[in-house]
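Please walk me through this structure, one element at a time. I am new to it and would like plain explanations.

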Amino acid sequence: MTSKFLAIIAGVGPGTGASIARKFGKAYSVVVLARNPDNFDPVVQEINASGGQAFGISTDVSDSKSVNAAFDKIASQYPSSKVVAAVFNTGGGFVRKPQGAFNFAQRSLPLLLDSRESSEYPPTLIFTGATASLRGSANCAGFASAKFALRALAQSLAREFGPQGVHVSHTIIDGVIDIPRTKAWVNEHVDGKLSPDAIADSYWYLHTQPRTTFAFELDLRPYVEKW
């Protein structure tokens with residue numbers, strides 16, 4: 001069943017993005033964006049089979065035309081649904097395309113502003129960052145520059161749109177996430193990797209915060225991670 005509220009998640013694969021989609025899919029219809037449909041098809045099918053409503057669109061967020069086409073398709077697919085949450089989760093690995101976050105925010109924010117009166121929780125825009133958002137490391141200049149820029153964008157948008165009732169947040173994910181491509185990475189602690197489901201719980205927590213206590217940033221890491 002299509003919900004009157006909608007969450008849009010950019011950057012959905014078999015790990016964190018899928019967990020975020022499942023979490024928000026328990027309350028809302030969800031649209032998931034990724035360049036390769038093979039990345040989002042399994043979670044779309046899973047959500048739909050469990051009684052939720054999900055829809056995937058092949059999108060290159062670094063291309064403004066692709067983003068505009070995706071949002072136009074969302075509007076035609078869900079003409080009566082209000083967007084109450086948008087999550088920018090792209091950039092797994094060492095992706096250096098910070099303009100994708102700008103493209104995504106540019107189309108998401110007007111929709112989030114439009115849902116302020118009808119949403120149970122403050123409309124929310126969340127950006128996924130990394131350790132490199134705060135600290136550049138050797139051989140990671142390009143990646144750190146992109147992540148610094150992402151955090152600066154999130155901070156600027158939070159200061160602009162927070163007073164208008166839209167909760168803009170940035171998360172620092174510090175450590176290895178327990179996803180399929182990291183299964184073979186040996187860790188001496190059985191719970192020494194970040195749980196993607198726990199990350200999704202934290203994103204939902206950010207979304208449900210009242211306007212009296214907006215958190216701009218969450219810093220998430222396993223208990224054994226050095227920092």
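The buried residues of helix H3 pack against S1, S2, S3 and H4; packing here rests on contact, meaning heavy atoms within 4.5 Å. Helices (H or I, at least four residues) and strands (E, at least two) are DSSP runs, numbered from the N terminus. This is a predicted model, in which local features need pLDDT of at least 70, side-chain atom pairs count only at pLDDT 80 or more, and totals for chains, interfaces and linings use all residues. Residues are numbered from 1 along each chain as its sequence is written, and side-chain values use heavy atoms, with hydrogens and water left out.

Helix H3 covers residues 64-77. Its 14 residues should span 20 Å at 1.5 Å a residue, and the end C-alpha atoms are 20 Å apart, which agrees; the expected span is 1.5 Å times one less than the number of residues. The buried residues of H3 are Ser66, Val67, Ala70, Phe71 and Ile74. Buried means under 20% relative accessible area, exposed over 50%, and partly exposed in between, with a 1.4 Å probe and protein chains only. Seen down the axis of H3, these buried residues fall within an arc of 130 degrees, so they line one face of the helix. The arc is taken from the directions that lead from the helix axis to the C-beta atoms. Lys65 and Ser76 are exposed on the other side of H3.

Helix H2, residues 37-49, can be read in a similar order. Phe40, Val43, Val44 and Ile47 are buried in H2. They cover an arc of only 110 degrees around the axis, which puts them on the same side of H2. These buried residues pack against helix H1 (16-25), S2 and S3. Asp38, Gln45 and Ala49 are exposed on the face of H2 turned away from its buried side. The N-terminal cap of H2 is asparagine 36, which has a side-chain oxygen 2.9 Å from the backbone nitrogen of aspartate 38. After H2 comes glycine 51, with a positive phi near 100 degrees.

The strands come next. Seven of them form an open sheet with parallel pairing, in the order S3-S2-S1-S4-S5-S6-S7. Two strands pair if DSSP finds at least two bridges between them. Strand S3 (54-58) and strand S7 (217-220) stand at the edges with a single partner strand each, so one side of each is left without a neighbour in the sheet. From one strand to the next, the twist averages 15 degrees. Angles run from 0 to 180 degrees between N-to-C directions, and axes are lines fitted to C-alpha atoms, for helices over the stretch in contact. Helix H4 (residues 99-114) packs on the sheet, where it touches strand S1 (5-10), S2, strand S4 (82-88) and strand S5 (124-130). The direction of H4 makes about 155 degrees with that of S4.

Strand S2 (residues 29-34) runs parallel to S3 and is joined to it by five bridges. One of the residues in strand S2 is serine 29, which counts as buried at 1% relative accessibility. The C-alpha atoms of serine 29 and glutamine 53 are separated by 4.9 Å, although the two are 24 residues apart along the chain.

S5 and S6 also run parallel, joined by seven bridges. Histidine 167 in S6 is the bridge partner of threonine 124. Seven of the seven residues of strand S6 (residues 167-173) are buried, so it is largely enclosed by the rest of the structure. In a regular strand, side chains alternate between the two faces of the sheet. His167, Ser169, Thr171 and Ile173 point one way from S6, and Val168, His170 and Ile172 point the other way.

Two single residues remain. Histidine 207, in helix H6 (residues 196-208), is buried, with a relative accessible area of 0%. Among the residues touched by histidine 207 are Phe24, Val84 and Tyr121. Asparagine 139 lies in the loop between S5 and helix H5 (141-161) and is exposed, with a relative accessible area of 80%. Asparagine 139 has a positive phi of about 65 degrees although it is not a glycine.

How values were computed
Polar contact = N/O pair within 3.5 Å; in protein donor to acceptor, adjacent residues only side chain to side chain. Lists of a residue's contacts leave out its neighbours within four places in sequence.
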